[in-house]
Amino acid sequence: MRARPRLGLDVMAGAADRPLRPGGTGRSGAHLPPYMLTVLGLLFAVAPAVVWMAIARTRSVGCAVGGVLLAGAGLLVGVQQGWLDAPRPDAHLVFTALAPLLIACGAGWEGRHGSSPSPQWVSRRNGAIGFLGMQFALTLVVGLLYALLIRDGSEAPPSKALPSLPPGISLVDEDVSCGSGGCWRVATVTSEAGLSRQDIIRELGLQRESCRTNGWLLDRRHLCVGATDNGKSVSIYAGLGY
């Protein structure tokens, strides 16, 4: 069995290699405006429901399947906006795989208990199959490219990857640093109640580094969180690695 990555010493050794501005991720480049990403994400999420509305033939099955699709779209939008804690690339891939299956089940159920479809409906169905197939294929391709891109180790975890601070312990500063082992998000904390450095680490529950898989399917990196006593202060860190 492959050992989990141990980042604690690497963080302290590599923190000064390539310091980045606070809140950075280790990547740079052009970004779409936030409202454009929101609009595109919303259109992506509701597309299967719109497709189903175009081919549904009965009110009962149409409303049932449409309701489930809209509920799934709502969950996906929640992931996109950060309201739900789930890996975004994996959530999009799972959504585009399950939505066509649900639509196929709904269409099959209607076919069992309804009259023969008209040629116009068959044409709409074929268009729906093509659209949903294209959506899934594009999502899969982008997901695989994402999985290849993150292997270079130049991305640091977001701030929410750091543990929440209990009362009496406050944040001094936060930064992103990169070294030969990758990039880490590092924060310096202090005690307002005069706790020792070891007591601070104990209060945070970080006596040992803990690791978990960062994603479901596409992102198999380990997200490791821990704390170090550098002799003057306590630093908490979060890093991604294989």
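This is a predicted model: local features need pLDDT of at least 70, side-chain atom pairs count only at pLDDT 80 or more; totals for chains, interfaces and linings use all residues.
Residues are numbered from 1 along each chain as its sequence is written, and side-chain values use heavy atoms, with hydrogens and water left out.

Let me begin with the chain as a whole. The protein chain has 6 helices and 6 strands, where helices (H or I, at least four residues) and strands (E, at least two) are DSSP runs numbered from the N terminus. Along the sequence, these elements follow the pattern α-β-α-α-α-α-β-β-α-β-β-β. Of the 242 residues in the protein chain, 37% are buried; here buried means under 20% relative accessible area, exposed means over 50%, and partly exposed lies in between, with a 1.4 Å probe and protein chains only. If we take the contacts with a separation of 6 or more, 67% of them are between residues 24 or more positions apart, a contact being heavy atoms within 4.5 Å.

By class, the contact of H2 with H3 has 14 nonpolar, 4 polar and no charged residues, where Ala, Val, Leu, Ile, Met, Phe, Trp, Tyr, Cys and Pro count as nonpolar, Asp, Glu, Lys and Arg as charged, and the others, Gly among them, as polar.

How do H3 and H4 lie, roughly parallel or roughly antiparallel? The axes of H3 and H4 come within 10 Å and cross at roughly 175°, which means that H3 is roughly antiparallel to H4. The residues in that contact include Val61, Leu69 and Leu76 of H3, and Phe95, Ile103 and Glu110 of H4, and by class they comprise 13 nonpolar, 5 polar and 2 charged residues.

H2 and H4, for their part, pack at an angle of about 10°, with their axes 10 Å apart, so H2 is roughly parallel to H4. Phe44, Ala45, Pro48, Trp52 and Ile55 in H2 meet residues of H4 including His92, Phe95 and Glu110, and the contact of H2 with H4 divides into 9 nonpolar, 3 polar and 1 charged.

Next comes the second largest pocket. About 270 Å³ of space lies in this pocket, the volume being the space filled by probe spheres set on grid points that are joined across faces, edges and corners. On a 1 Å grid over the protein atoms alone, a pocket is an open set of points where a 1.4 Å probe fits, with protein on both sides within 12 Å along at least five of seven lines, and lining residues have an atom within 4 Å of a point. The second largest pocket is lined by 14 residues, of which Gly72, Leu75, Val94, Phe95 and Leu98 lie nearest its centre. H3 and helix H4 (88-113) are the elements that give two or more residues to the lining, which by class has 13 nonpolar, 1 polar and no charged residues.

Pro89 is placed in helix H4 and counts as partly exposed at 27% relative accessibility. Leaving aside residues up to four places away in sequence, Pro89 touches Tyr146 and Leu218; the C-alpha atoms of Pro89 and Tyr146, 57 residues apart along the chain, are separated by 8.0 Å.

Ser233 sits in the loop between strand E5 (222-229) and strand E6 (234-241), and with 22% relative accessibility Ser233 counts as partly exposed. Not counting residues up to four places away in sequence, Ser233 touches Thr188, Arg197 and Thr228.

Thr58, lastly, lies in the loop between H2 and H3 and counts as partly exposed at 30% relative accessibility. The C-alpha atoms of Thr58 and Glu110 are separated by 6.9 Å, although these residues are 52 apart along the chain.

Key:
Axes are lines fitted to C-alpha atoms, for helices over the stretch in contact, and angles run from 0 to 180 degrees between N-to-C directions. Angles under 35 degrees count as roughly parallel, over 145 as roughly antiparallel, 65 to 115 as roughly perpendicular and the rest as oblique.
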